[in-house]
Amino acid sequence: MAIGPVQLIVLGFRHPDFHGEVIAELERLRQSDTVRVIDALAVYKDAQGEVEVEHLSNLTKDEAVELGSKIGALIGLGIEGEDGMVAGARLGAAVAEEDGQVAVFDDPQAWDVLEDIPNDSAAALLLIEHHWAVPLRDAIARAGGFRLADGFISPLDLIAIGLVNAEDAKILHDLETAGS
């Protein structure tokens with residue numbers, strides 16, 4: 001079975017006010033086979049920058065530690081504090097070495113996910129597989145194409161190409177960056 005394109009999304013929360021809407025939307029997307037959440041972590045960073053990690057799933061803490069965190073392995077963060085962080089970094093490095101790749105967190109230009117989370121806030125780290133993109137990706141590959149780059153475009157940049165007006169772009173921008 002082919003796996004779809006996988007994306008790590010990091011969502012920041014200055015003052016989390018959860019009412020189940022995010023989980024409900026992810027569940028709706030899963031039921032429609034649009035996306036699959038491979039892994040999810042909640043990261044809390046106190047005012048001094050100390051990090052606490054909670055695995056977001058229906059697994060017990062012991063099961064999550066036993067199975068490992070895919071996000072933890074990817075970014076070098078374990079679910080069991082400092083020891084888990086070292087274990088996560090080693091696992092990620094071992095997997096990368098087996099595949100002949102440089103581990104993401106060994107690259108000085110790499111994205112430091114934890115560093116980007118502001119002190120005294122929380123973040124949800126979601127590792128999402130995009131099921132909807134599998135047929136498109138496969139069609140591109142059959143045509144000899146490949147991904148060169150990707151990224152989200154700011155709503156403010158959409159004004160210049162006439163996709164949204166300035167007022168709508170500001171509203172969308174404010175929604176996307178609220179609390180940052």
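Helices here are DSSP runs of H or I with at least four residues, strands are runs of E with at least two, and both are numbered from the N terminus. Good morning, colleagues. The model before you is predicted, so local features need pLDDT of at least 70 and side-chain atom pairs count only at pLDDT 80 or more, while totals for chains, interfaces and linings use all residues. Residues are numbered from 1 along each chain as its sequence is written, and side-chain values use heavy atoms, leaving out hydrogens and water.

Let me turn to the sheet. Four strands form an open sheet in the order E1-E4-E2-E3, with antiparallel pairing; two strands pair if DSSP finds at least two bridges between them. At its edges lie E1 (6-13) and E3 (51-55), each pairing on one side only. Strand E4, residues 121-130, pairs with E1 over 8 bridges in the antiparallel sense.

I now come to the salt bridges, in which a side-chain nitrogen of Lys or Arg lies within 4 Å of a carboxyl oxygen of Asp or Glu. The count is 6 by this rule. One of them joins Glu25 and Arg28, whose closest N and O atoms are 2.5 Å apart. How many residues apart are these two in helix H1? They are 3 residues apart in H1 (residues 21-31), which means about one helical turn separates them.

Another salt bridge links Asp150 with Arg147, at 2.8 Å between the closest N and O atoms. Asp150 and Arg147 are both exposed, a term for over 50% relative accessible area, with buried under 20% and partly exposed in between (1.4 Å probe, protein chains only). Glu25, by contrast, is partly exposed at 35%.
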